[in-house]
Amino acid sequence: MKRLLWITGALAALALLQWGCSAILLDGPIRQGPYYYQIMILAGINIVLAVSLNLTNGITGQFSIGHAGFFAVGAYVAASVSYYGGPGIRAATAFLPAVGQDTVVLLLALAAAGLAAALAGLLVGIPSLRLRGDYLAIVTLGFGEIIRVVILNVDAVGGARGFVGIPKLSNFFWVYLLVTACVVTVWNVVRSSYGRAFIAIRENEIAAQAMGIDVTRHKVMAFVIGAVFAGMAGCLFGHYTMYLHTNSFTFVKSFEIIIMVAIGGLGSIEGAVLGAIFLTVLPEAFRGFEGYRMIIYSLALILIMIFRPQGMLGQASLFGKKSKGKRK
Amino acid sequence: MLFSNTMKNRSRIHALRNAAFVAAAAALAVGFSGCNKKDAAASDEILIGHYGSLTGATATFGQSAQKGIEMAVDAINVSGGVLGKKLKVIVEDDQGKPEEAQTVVTKLINKDRVVALLGEIASSNSLAAAPVAQSSRIPMISPGSTNPKVTSVGDYIFRVCFIDPFQGQVMAKFAANTLKVKKVAILRDIKSDYSVGLANFFVEGFKGLGGEILSDESYSQGDKDFTAQLTALKGKNPEAIFVPGYYTEVGLIARQARKLGITVPLLGGDGWDSSKLWEIGGAALNGCFYSNHYSVDDPSPILQKFVADYKARYGKTSDSIPDAMAALGYDATLVLADAMKRAQSSKPDSIRMALAQTKGFMGVTGNTTLDENRNAVKPAVVLEVIVDEKGNGRNKFKESVSP
């Protein structure tokens with residue numbers, strides 16, 4: 001009952017924020033409003049990507065560089081659902097108002113994106129998570145590139161031309177609903193027995209195995225949960241930009257997500273959130289430097305890594321108890 | 001007990017330090033965003049935005065276009081500007097990423113309040129940004145996106161280059177009227193949308209001019225061996241072979257064709273336009289022709305002046321010969337200024353109306369007319385490839401083909 005109240009409250013708060021944002025930023029008197037709105041949306045999508053990658057890289061300690069691959073799978077699958085299946089779904093739900101039809105289409109696309117990314121995660125995870133360290137990194141990197149090249153050759157999703165004509169269904173409400181869902185899920189997983197197993201695997205795989213933890217199974221689990229959220233983030237990304245091109249999903253994107261996690265603090269959920277916001281806002285804030293923008297941006301990252309090698313938050317938590325992994 | 005207490009204290013101090021660090025970082029970011037340039041437009045300036053890939057994998061596209069745009073803006077401002085005001089270009093980098101292109105266009109339109117947009121070269125980035133320009137009702141001119149879908153986004157999206165299908169017709173005209181050949185064979189890249197489209201339009205155009213297509217073979221991007229297809233083509237004795245692919249495969253095809261004793265010219269499109277073509281194909285390419293946006297050898301005085309000015313301005317750097325992107329960027333800016341003059345207004349809607357009526361505008365890349373689909377109807381140039389034994393090549397201007 002209490003939980004239901006919480007959920008209703010969160011939904012209402014998000015809806016209110018959505019209304020406020022579109023009233024103030026999109027139609028309001030602030031001239032750069034739509035620009036800020038766009039940055040907020042991209043920041044939200046990056047938060048989901050960083051928090052979900054943090055589950056694999058930071059909490060379970062498995063260095064994956066294929067996150068952009070799951071992001072791409074989700075984006076393209078969801079876009080195909082609403083592009084090819086959209087008219088049919090709308091016809092079947094014609095009794096609903098337009099907003100209701102949009103919601104049904106988007107929810108189905110989200111589900112498809114999550115499912116497809118989970119399958120992809122399982123497919124890559126089962127063979128590759130038996131590997132460690134560098135080997136795992138190489139396999140996941142390869143996976144991300146394979147996904148991208150496969151998409152390039154599928155004509156139904158635009159191939160090298162890019163996917164045009166995706167309906168604009170996602171907005172502040174949906175993106176931050178996913179952010180909330182992702183953070184709450186990861187937060188709860190980390191504080192469950194599974195989470196303790198993940199941390200045990202990170203700290204010492206052999207010791208964890210000796211304690212009776214099924215190492216591969218737990219690694220795959222962390223990997224798949226991360227993939228699902230990355231796929232859903234892809235869905236909202238495609239339905240916001242209305243256009244998808246494989247250039248958005250190169251391995252450089254994977255590295256960006258890793259940097260967000262590392263800058264925020266490997267293993268800290270708040271750190272990943274902060275890192276994602278920081279890395280989305282920073283390049284935009286530096287636009288005043290024009291040609292030197294990316295140099296200053298890189299310099300800022302280097303400085304942070306020199307003075308805060310453990311990331312902005314380290315493994316610490318801003319709220320409540322510290323992450324359990326810190327105890328030695 | 002005591003021990004755990006000190007632990008707790010230490011961790012509290014740690015958390016405090018963390019919080020302080022975060023606060024400082026946030027303040028830094030906000031501070032930087034605050035010191036952006038003043039965004040209020042002076043009333044004696046007309047602001048236009050250029051978004052392009054100034055960094056990233058396709059950085060030369062954006063940088064070349066920006067050079068062309070800078071030159072055009074300076075030329076316009078020196079001769080009195082537009083409507084008594086000076087033009088000012090605000091340039092933003094999109095790193096060659098589609099979503100970044102969308103973000104910077106949102107910024108240029110809403111924060112800087114530009115009245116028109118120039119960009120992008122890569123069709124994928126133009127396609128990402130075009131819906132924003134269209135829904136904000138700001139006219140956008142792409143200097144070099146040849147994908148037909150770009151301008152079909154809406155009636156505020158224009159381009160000053162020809163589209164892919166047109167090139168096929170150009171080469172058909174060239175083959176039939178200049179080379180005076182009657183029988184041609186096709187060798188197309190079936191993996192590339194561009195190549196397949198180009199081949200189809202060539203076939204259509206060539207048949208319309210009374211020519212005959214002897215055979216139609218295909219390959220896939222990435223192939224290395226083309227002897228099977230070439231042997232099949234050789235048996236039919238074509239007078240020319242149309243190969244609308246990208247330079248890597250085309251270079252190999254040329255070499256293998258000559259080895260098999262095929263001496264007829266190969267024909268192609270702007271996918272050939274790279275110095276890599278000469279390296280790969282070498283002397284086998286002599287006597288082959290392809291269509292392109294412009295040529296530095298074109299004797300037209302307006303173009304020769306542009307090339308000389310470009311060399312004078314950017315001659316200190318190695319890329320002192322303007323490429324097609326620079327020339328198209330230059331023309332896009334002039335077409336925009338011309339539209340403002342004709343509209344006698346710098347309001348986005350008036351500019352759009354005037355742009356749609358652009359007719360016979362003389363630019364560096366030829367005579368530009370925008371059709372009802374907002375695509376440029378303009379001549380393409382046909383270039384002859386000349387390569388010496390060492391692999392040093394150049395393109396010789398052959399002729400200019402009007403639609």
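Me: Which residue follows helix 4 of chain B, and what is its phi?
Reply: That's B:Arg137, and its phi is positive, near 55°. Keep in mind that this is a predicted model.

Me: Okay, and how far apart are the end C-alpha atoms of helix 4 of chain B?
Reply: They are 20 Å apart. The helix runs over residues 123-136, so at 1.5 Å a residue its 14 residues should span 20 Å, and the two values agree.

Me: Where is the kink in helix 4 of chain B?
Reply: Look at B:Ala129, where there is a kink of about 35°.

Me: Is helix 4 of chain B mostly covered or mostly uncovered?
Reply: Mostly covered, with 11 of its 14 residues buried. Among the buried ones are B:Ala129 and B:Pro131, along with B:Leu127 and B:Val132.

Me: Let's zoom out. How many helices and strands does chain B have?
Reply: Chain B has 12 helices and 15 strands. Of its 403 residues, 51% are buried.

Me: Changing topic, what is the mean pLDDT of chain B?
Reply: The mean is 82, and 87% of the residues in chain B reach 70 or more. Over residues 1-8, though, the pLDDT is below 50, and that stretch has zero contacts in the model beyond near neighbours in sequence. Residues 26-41 are also below 50, but that stretch has 15 such contacts.

Me: And what ipTM and pTM does the predictor give the complex?
Reply: The complex gets an ipTM of 0.74 and a pTM of 0.76.

Conventions
Residues are numbered from 1 along each chain as its sequence is written. Chains are lettered from A and ligands numbered from 1 in the order in which they are written. This is a predicted model: local features need pLDDT of at least 70, side-chain atom pairs count only at pLDDT 80 or more; totals for chains, interfaces and linings use all residues. Helices (H or I, at least four residues) and strands (E, at least two) are DSSP runs, numbered from the N terminus. The expected span of a helix is 1.5 Å times one less than its number of residues. The bend at a residue is the angle between axes fitted to the seven residues ending there and the seven starting there. A residue is buried if 20 or more other C-beta atoms lie within 10 Å of its own, exposed if 12 or fewer, and partly exposed in between; C-beta atoms are placed from the backbone. pLDDT is the predictor's confidence in each residue, from 0 to 100. Two residues are in contact if their C-beta atoms, placed from the backbone, lie within 7 Å.
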